[in-house]
Protein chains: 2
Amino acid sequence: MGTHEGNRRRVELSKRRTFGESLKASLKDIFFPDDPFRQLLGQPPWSRAWRALKYVVPFLEWAPNYTLHKLRYDVLAGITIAGLAIPQGISYARLADLPPIYGLYPSFVPPLVYALFGSSKDLAVGPVAAASLLLASIIGEAVQPEENPSLYLHLFFTAAFFTGVFQLALGLFRLGILVDFLSRSTIVGFMGGTACIIILQQLKGMLGLRHFTTSTDLISVMRAIFNQTHEWRWQSSVLGVGFLCFLLSTRYLKTKKPKLFWVSAISPLLVVIIGGAIAYAVHGENEGIPTVGPLKKGLNPLSIGTLNFEPRYLTTTLRAGVISGTLALAEGIAVGRSFAMFKNDQIDGNKEMVAFGMMNIAGSMTSCYLTTGPFSKSAVNYSAGCRTAMSNVVMSACVMMVLLLLAPLFQYTPLVALSAIIITAMVGLIEYEEVYRLFKVDKFDFCTCMAAFIGVVFFSMDIGLAVSVGISVLRALLYVARPVPCKLGRLPGAAAFRDVEQYPDSQPVPGVLAVQPSSPIYFANSGYIRQRILRWVEEEAEGSRGKEDELHYVVLDMGGVSSIDKTGIEMLQELQATLDRREIKLAMANPRIEVAEKMVASNFIGRIGSDWVFLSVEEAVEACRFVMHETPPPADGPQRS
Amino acid sequence: MGTHEGNRRRVELSKRRTFGESLKASLKDIFFPDDPFRQLLGQPPWSRAWRALKYVVPFLEWAPNYTLHKLRYDVLAGITIAGLAIPQGISYARLADLPPIYGLYPSFVPPLVYALFGSSKDLAVGPVAAASLLLASIIGEAVQPEENPSLYLHLFFTAAFFTGVFQLALGLFRLGILVDFLSRSTIVGFMGGTACIIILQQLKGMLGLRHFTTSTDLISVMRAIFNQTHEWRWQSSVLGVGFLCFLLSTRYLKTKKPKLFWVSAISPLLVVIIGGAIAYAVHGENEGIPTVGPLKKGLNPLSIGTLNFEPRYLTTTLRAGVISGTLALAEGIAVGRSFAMFKNDQIDGNKEMVAFGMMNIAGSMTSCYLTTGPFSKSAVNYSAGCRTAMSNVVMSACVMMVLLLLAPLFQYTPLVALSAIIITAMVGLIEYEEVYRLFKVDKFDFCTCMAAFIGVVFFSMDIGLAVSVGISVLRALLYVARPVPCKLGRLPGAAAFRDVEQYPDSQPVPGVLAVQPSSPIYFANSGYIRQRILRWVEEEAEGSRGKEDELHYVVLDMGGVSSIDKTGIEMLQELQATLDRREIKLAMANPRIEVAEKMVASNFIGRIGSDWVFLSVEEAVEACRFVMHETPPPADGPQRS
């Protein structure tokens, strides 16, 4: 054995985890990346049970330490978000083509459930615009709200029930991984597109139209508007533009003076009150200012008996439930996470899913349609200084008072006021600056984003979402199928080996080709990696001018190869056989644990010889050069030297 | 600036490729990984045109150097494979429920086309068993062969036409990438399952049954066999078992004495001749030994006018064409590649696709159904010592002679002889040893393989294939969504940093957490990576006992991060913000070119400071320790020190 072998540290190749161990490790990584049971270790049984219970019901975590001081903040925040919840609720119910009162119910029961199970301190729950419109468009395909309003309503509850079950299941089976496939760019595009079509829908209210299309795409909406110019009412428009200017200016005020956030938070309620007063005074209904119409006093009626599981509506409700549930989760979790970050806090995606699921199941039984954590409400909650989920409880109490006492007053709310409120909320969701940044940083992300946007605006919301997710998944597969292997060279003045394209001054070592596959190797990319390496070998062979720099060694830097499958191992064997026939020796540097295990199990290490597995590229190249200069024709292994 | 900054080599961060450059580079990597135009560079125009033509028509590459010496080998190989082609063709035509003569036609025209365009020297083309059965099962759903035999036949030609167009398009658009998604384990499982159901189908012939099921699944076949025990014929069975023993023993002889491969290669023809003689002598048809029946003399009739593009059959033919085409490609390319490897040769997947496409388009117009490169025939071709694709031309000539002169002789071939031939060919496709190796090396690959096998055996061939590909793709996505980040420690006695789990004796550096994400970072895994890193930070914080080993630095080893998207960059920003609030400084080591570009474009580098980007983990850790010991509370950057 050569001197360079003297005190060389070997790569550990004998160790092999059992199937059970490696399965356990990978299942744990897939489903419990946050390792929730760590805190249970080494605790006495009663404490373990209490901690487990606290894990499931986060309320128990913070309630014991709840103080009057925190309550003061939470009450203030709760009242502020209630002021926003009422007009927003009525508006979103209209987007969903539901009677206005069904926009208030979701701000009563679900927040109480969320306060128990939710792990975010800042999220304020309630209905959201995008999901409302999405549900209306899916359920509207099966039942027209004008034809059978009660069936339409019941299908909404059923969809909410499925949403809840779906979210709960995702959380319990710890499948937070699914939400990971809704990329940020998909959400930006989808939200932007949805905001655009929701704004367009509001032209109905702003122009005082009575008939409108149920389609959501740009072309149908434009056609519906310009085909009935005779129905346009200037009264509505004047009032609407006035409200819109007021709301937008308070929004602008907030961005300039963040301290005055409360002005913009209560302005929707102001608009509703002022609008209602005007409509009441001038008998708006007769003067071209349509109003919301009757609202019944009273708390959420039970709706458990109305859930509709008839087979002919099952695909519709399941589809509506799952798509809107995924979307609601993605939005809710993203919102919760952003605010938690400001407070240097963390929220648990899987726990949030359980909380959202419980909330929607409870909601579907008490006349609520889909609820989640909308961005606008949560932002107000955060700005108002909420401390815990108690602010949701306060909001719920306020809404309860309204439902019991004041609901009928809201019947005079002009539709145009609601339209102005929705438009103002939607303007903030069109993140054109973000889109520009996407364009600058990553063109592919930009395409994903635009696909969602165009799909939503010109076709339908679920088409936009599906196409964009499809592109994202395709991209993920492309990442997998086309990794970025690179050729390594020695950096002058440093021992390290780096990508020759990135560091053009790095030097190749004569007779040795060092390559970094830098990606897991498996069926989808092994052919490509093999081809790429052989092309480099070819180039080296063409470029060599004589015996001296003839290629004798190929060193694979396996540091970035975090896993490998059977096809990948076979590719390596094939590669080794091909190189062998050209009298080129294959050496491995720094194989990772899982890869080393599989290379041993498949006897690949046996074929290349365990002496040819090195701890680093530097060592491997050193050994190759040593052997090359000792015994010119390279043979079975360094032990010959 | 501290001394450690003195002559440190910086990571190149200023360079940024234009969008055009990086798009060109990645498109080239996706579609032209083999860089076919390299050889055209720096050539005069006429030479360039000639080389381009040679690239498209590989025949021109080898024909000028063709010698009489090579021809001798090719003639021998060609005659041998013709001897196999005739009985196999008739057998496979029966599998596809086509008149026997249509099994001979594909061995006449397509080999000639392949000889022009194919890049493999060893592939022998012809029909294959799996695709024959698959086509019969898909087309049989639309038209029963007994009801309308000519329509059934025409749909086969149409499917072959679509297969050709599909394969040609894949090749021209250089989408060899699609075939990469058929993993080795899927193919092993699919082939094994198909071989099993094909063997079961042969029980019809072996038992001399007249009625049989068109389903391919185990249960239907078993029911069909045991429901008509009264139709079983001992005469057929005796003959069949005899033939089978003979064929299997020649097969066994081949494995023992590879030199005698030609015995097993001509044995099917022997069986056909002997069987035909027996059937003729004893008037088999009346004695319980059904025969093939009339075969018409003459070359392939033109079938271009019979291609059927009627809309009601279009989905069937398209589906049949695309599925069988993909499968045929996967088999053909894999076979070609394996044999090329023995000869230290390479074949080009995209070129092969073009050749297969041309061959099937030409075939569909001359009464041939799907042709590809079957394993058995190619293996015989290789063993017989073929030198070039000329052996296909010789085979074609032999088959032509048979078609013109001898075809009617084959009408006496007993069906049971064909069954014995098919069974013998199929036995070799059940690679139980390979399945055992899969089980040993990679449990997930084993599942993919078993899914294909079980799907094919118990349900149907396309279900088996789809489920198995689905599992493979899911796995690829799982790889993407759950990478294997690891914590690094310093190896004692070496400067290098390695995974602490793999090298349990490696030492953490107090105050510094070094982490290697070791995978591209993007939307599907960024949440996971963030969570994983924060958990380590959490653990470090819990584990620290005092001021001394309090965590001050997190070093990310970006060496394995070959790419990143917008979501990934945002995750890093979020991570940096979170760490910042805990007074922990984030440092980067060895970012790759694409990642560095995006981090600069999104101003992430600006936020962490370009002084905190290092060439290697070792340097980064060194710098952190230096600053830590100079100025205890870490601040904006090393320039403070």
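A:N603 is partly exposed, with a relative accessible area of 45%. Partly exposed here sits between buried, under 20% relative accessible area, and exposed, over 50%, using a 1.4 Å probe and protein chains only. The residue lies in the loop between α22 (593–601) and α23 (604–608) of chain A. Helices are DSSP runs of H or I with at least four residues, strands are runs of E with at least two, and both are numbered from the N terminus.

This is a predicted model, where local features need pLDDT of at least 70 and side-chain atom pairs count only at pLDDT 80 or more, while totals for chains, interfaces and linings use all residues. Residues are numbered from 1 along each chain as its sequence is written, chains are lettered from A and ligands numbered from 1 in the order written, and side-chain values use heavy atoms, without hydrogens and water.

Phi of A:N603 is near 65°, a positive value in a residue other than glycine. Most residues other than glycine have a negative phi. In chain B, phi of B:N603 is also near 65°, and B:N603 is partly exposed at 47%.

Now the interior. A nonpolar core is a set of buried Ala, Val, Leu, Ile, Met, Phe, Trp, Tyr and Cys residues joined through side-chain atoms within 4.5 Å. The largest one has 105 residues, and A:L98 and A:F156 have the most contacts inside it. Helix α7 of chain A, residues 149–172, gives the largest share, 11 residues. A second, separate core of 103 residues includes B:A93, B:L151, B:L168 and B:L327.
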